[in-house]
Amino acid sequence: MAKEMVLSGCAASAQAAKMAKVEVICSYPIRPYTALMMELAKMVANGELDAEFVYGEGEHAQLSVVLGASAAGARVLTGSSGVGVTYAFETYSPIAGGRVPVQMMIADRALDPPGDFGSEHTDAMSCRDQGWLMGWAENPQEAFDNCLINYRVGEDHRVLLPQFVCQDGYFVSHIPGKVLLPDQSQVDEFLPPYTLPHPLDPKHPVSHGPQIRPDQGTIMDLQRAQAHLDAPAVIKEAIADFNRIFGRDYSPFVEEYMTDDAEMAFFIMGAHTMTARHAIKHLRSKGVKIGLVKLRFVRPWPTQEVAEALSKFKAVGVVETSTSYGGAMRGGNLLHEVRASLYDLPKRPLTTSFMAGLGGEMVPLKEFYYMADILSEMIKDGKAKKTVYWVGFEAEA
Amino acid sequence: MFTIPKEKEVPLGCITPAPVTEQAMMITGNWREYRPVIDNEKCNLCMNCIVFCPDACWQLNEAEDEVVWNAKYCKGCLICVNECTSGALTKVYELDFEDGVVRLEKPF
Amino acid sequence: MAVEVKTQNLPLIKKIRNIPKEEYYVPGHRTCAGCGPALQYKLVAKAAGANTVFLGPTGCMYVANASYLCTPYRVPWMHTQITNGGAVASGVEAAFQVLIRKGKREGELPNVIVMAGDGGSVDIGLQAMSAMMYRGHDALFICYDNESYANTGIQTSPTTPYGANTTFTPPGPAIPEGKKLFPKDPPQLVIGGHPAVKYVATASVAFPVDLMNKVRKALNVVGPTFLHIHAPCPKGWKFDSDKTVELAKLAIQTGMWILYEWENGEYKYQHKPKEYKPVREYLKLQGRFAHLTEAHIAKMQAFVDAKLKAPGIPVAVPIPPPRAQA
């Protein structure tokens with residue numbers, strides 16, 4: 001029987017993993033994702049979940065343990081935050097290139113130096129080129145849903161890719177929200193059992209990962225590139241099924257909010273989208289023609305969908321909660337990919353990036369109003385004065 | 001977006017079939033300078049050559065009760081000659097044999 | 001209904017004539033002629049048999065065996081990073097536990113064996129090895145010891161002996177002995193500090209029946225086990241390829257390598273020489289020690305003499321002397 005609970009993002013992710021009947025879990029504590037593992041530990045101890053709960057000796061080990069377990073044919077889950085995510089960096093390419101569909105929940109966190117428990121997308125974003133699927137949840141419901149969707153897409157034999165299932169640290173991982181928990185039968189209908197084409201099995205021996213020549217390396221790269229070309233169709237299928245079975249209304253790649261006659265829009269992902277929606281409602285009541293486009297998948301980046309969604313605006317403000325020091329726009333990295341998506345359009349909107357929410361700070365309504373003002377100015381001037389605004393730190397308030 | 005020619009294909013995820021009796025993609029018989037030669041009359045079947053060969057190039061033919069040499073893979077390390085307890089094994093220059101294998105100029 | 005996870009029980013081998021015939025590490029690999037690690041791999045694979053999964057951290061027993069796009073492993077095998085052999089093996093073992101329990105896989109729990117070099121065991125791989133030992137996984141961790149990072153062209157590792165010439169410890173006027181540090185003792189790192197470990201042993205390619213029986217004993221133990229296998233390296237130690245087994249024997253005869261088992265708190269020794277030969281007999285056959293003076297050889301002899309008194313690193317370990325003042 002479907003039931004509604006109030007859960008934090010961590011608890012919601014744990015519930016999803018339990019309903020997905022995850023088989024091997026590898027833990028290691030780091031704020032703010034730790035509660036995911038604490039919830040799962042309770043479930044295992046209570047006998048609610050029959051899984052091997054392995055105490056990893058570090059984040060690099062966590063990823064290594066689930067790699068081995070997944071390659072042997074077990075559905076796996078691990079997770080981390082901040083420097084834990086970057087400590088495991090060595091493992092990300094071997095896992096993606098080895099086509100082992102490991103799932104890693106990331107409750108993101110600003111990277112050291114120094115210790116900062118606050119949320120930033122930088123930790124996971126730094127790993128986006130390794131070949132994993134990646135996307136952010138806006139709230140605990142999405143955190144729950146994305147766990148199941150990513151198992152379904154990642155484990156599909158047409159894709160076979162590991163997944164970074166991300167949520168804002170604290171804002172989603174800790175602040176509880178309404179989560180509609182489905183029936184186990186619904187989950188079973190949506191998510192088939194996990195199988196690998198060639199698992200580690202003494203009955204059918206294989207060699208997993210022999211050394212290759214440099215020219216063969218290109219082919220290995222092409223395989224991963226192909227997987228990211230094939231993944232969007234599988235994502236669309238999975239979302240359509242998900243909506244049908246669970247009664248949701250997700251758009252696979254980008255979600256539009258109040259964009260119908262909008263002249264300008266925020267392009268945003270993750271928790272701060274919630275505040276942005278409120279800001280837009282308020283601005284709309286003042287007659288400002290503004291909307292927002294929310295990104296659900298960073299990888300594979302939905303180039304077509306982003307271009308289509310943004311092409312109708314005169315100005316787009318890309319709200320960034322991650323850094324890319326020395327990058328082309330000297331700000332974050334989302335703007336680079338947005339501009340790349342828009343490049344071939346005959347008519348492109350003006351774009352700029354707004355660095356907001358860094359270090360784990362909230363993005364209050366007034367900061368969104370400030371961003372909207374700048375977008376209005378841009379439209380009036382017919383150009384962007386700057387390509388990056390560090391919101392709250394600009395000379396003119 | 002791109003095509004991979006058939007002869008350049010790499011199995012998905014670099015997962016290759018396991019060999020059963022030999023790995024023919026890495027033939028090493030052309031490495032040797034010296035070949036171990038057995039005098040079966042002298043051999044006392046101590047099994048040292050079979051056990052100590054890193055490349056499993058000596059095997060026991062139980063029907064004939066004699067050890068058999070694998071020319072295709074033997075690298076000519078000569079551990080077997082050094083460990084032979086009966087003096088049955090000696091080393092002979094590879095190119096003294098009609099079927100002596102010439103060492104390749106480059107590895108592949 | 002949970003299925004009981006059963007493990008196999010491999011019988012011990014009585015003598016060399018009884019060594020199983022089946023090869024699970026087949027001809028056709030790019031290891032050096034006379035490679036000690038390749039020899040021990042063949043024997044280990046033979047002892048373990050068909051119901052086995054090997055994990056291969058990066059090292060000679062990965063790169064040399066698995067070039068290119070092919071391997072000599074007849075049983076399932078997976079490459080791991082040099083850092084995480086113990087961790088990946090833990091995951092494989094955990095997966096088989098849950099999959100068999102849930103009835104998704106049939107048969108006995110496979111032998112899960114990490115085949116790590118000295119670096120992958122007690123240097124960069126130490127953390128993962130220790131954690132596997134601590135967590136009690138039913139798996140075997142093998143450290144094949146060729147006393148260097150051999151695959152990258154012979155660099156010093158924590159098990160490289162005092163006085164060995166490697167490309168990171170070349171002898172020269174400022175550092176006459178080349179390597180000043182004495183090595184870590186891998187089995188001693190495991191023994192006593194990991195409550196779940198009930199069996200640790202050393203082995204050598206010099207005594208193949210002993211080696212294979214120790215592999216089987218370790219695999220028969222339900223829980224984590226550790227084997228330290230001496231595997232001379234003709235290229236790294238600079239000796240002719242036919243001397244691999246002879247040198248391994250000499251190591252034991254001089255006390256440079258000690259064969260023992262530690263089982264449930266008790267030590268048992270194998271092939272203990274009645275009289276030990278002087279270490280110089282062992283050192284003089286290897287080019288990596290050619291630069292040593294009498295003073296250095298005496299230091300090595302003192303170290304071995306102390307070690308022979310009791311297992312482990314002797315109490316008074318000669319520390320590196322202070323660097324000469326300019």
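What follows is a conversation about chains, a sheet, helices and contacts.

Mentor: Happy to! Keep in mind from the start that this is a predicted model.

Trainee: Then let me begin with chain A. How many helices and strands does chain A have?

Mentor: Chain A holds 13 helices and 15 strands. Its C-alpha atoms fill a box of roughly 70 × 55 × 45 Å along the principal axes.

Trainee: Now the sheets. In what order do the six strands of the open sheet in chain A stand?

Mentor: In chain A the order is β10-β12-β11-β13-β14-β15, with mixed pairing. β10 (254-257) and β15 (388-390) of chain A are at the edges and have a single partner strand each, so one side of each is left without a neighbour in the sheet. On average, neighbouring strands of this sheet are turned by 20° against each other, ignoring direction.

Trainee: Can you show me one pair of strands?

Mentor: Look at β13 (residues 315-320) and β14 (residues 350-355) of chain A, which run parallel and are joined by six bridges. Within that pair, Val316(A) stands opposite Thr351(A).

Trainee: Which helices of chain A lie across strands of this sheet?

Mentor: Helix α10 (residues 272-285) of chain A lies across β10, β11, β12 and β13, and runs at about 165° to β12(A). Helix α13 (residues 365-381) of chain A lies across β11, β12, β13, β14 and β15, at about 150° to β13(A).

Trainee: How do I describe two helices that pack against each other?

Mentor: Two packed helices are described by the angle between their axes and the distance between the axes. In chain C, helix α3 (residues 85-101) and helix α5 (residues 126-135) pack at about 35°, with axes 6 Å apart. Among the residues that meet there are Gly85(C) and Ala89(C) from α3(C), and Ala128(C) and Met132(C) from α5(C). The residues of this contact divide into six nonpolar, three polar and one charged.

Trainee: Is Pro171(C) buried or exposed?

Mentor: Pro171(C) is buried, because 20 other C-beta atoms lie within 10 Å and 20 or more is the cut-off for buried. Pro171(C) lies in the loop between β4 (140-145) and α6 (186-190) of chain C. Leaving out residues up to four places away in sequence, Pro171(C) touches Asn165(C), Pro176(C), Glu177(C), Gly178(C) and His291(C).

Trainee: Last topic: where chains meet. How many residues of chain A are in contact with chain C?

Mentor: Count the residues on each side, then ask which elements supply them. Here 37 residues of chain A are in contact with 41 residues of chain C. On the side of chain A, α3(A) gives the most, with nine residues. That side divides into 19 nonpolar, 11 polar and seven charged residues. There is strand pairing between the chains too: two bridges join β9(A) to β2 (residues 77-80) of chain C, and these strands run parallel. Ser207(A) stands opposite Trp77(C) in β2(C).

Trainee: And what does the contact between chain B and chain C take from each chain?

Mentor: It takes 32 residues from chain B and 32 residues from chain C. α2(B) gives the most to the side of chain B, with four residues. The residues of that side divide into 21 nonpolar, seven polar and four charged.

Notes: Residues numbered from 1 in each chain as written. Chains lettered and ligands numbered in written order. Predicted model: local features only at pLDDT ≥ 70, side-chain atom pairs only at ≥ 80, totals over all residues. Contact = placed C-beta atoms within 7 Å. Nonpolar A, V, L, I, M, F, W, Y, C, P; charged D, E, K, R; others polar. Pairing = 2+ DSSP bridges. Axes fitted to C-alpha atoms, helices over the stretch in contact; angles between N-to-C directions. Buried ≥ 20, exposed ≤ 12 C-beta atoms within 10 Å, placed from the backbone.
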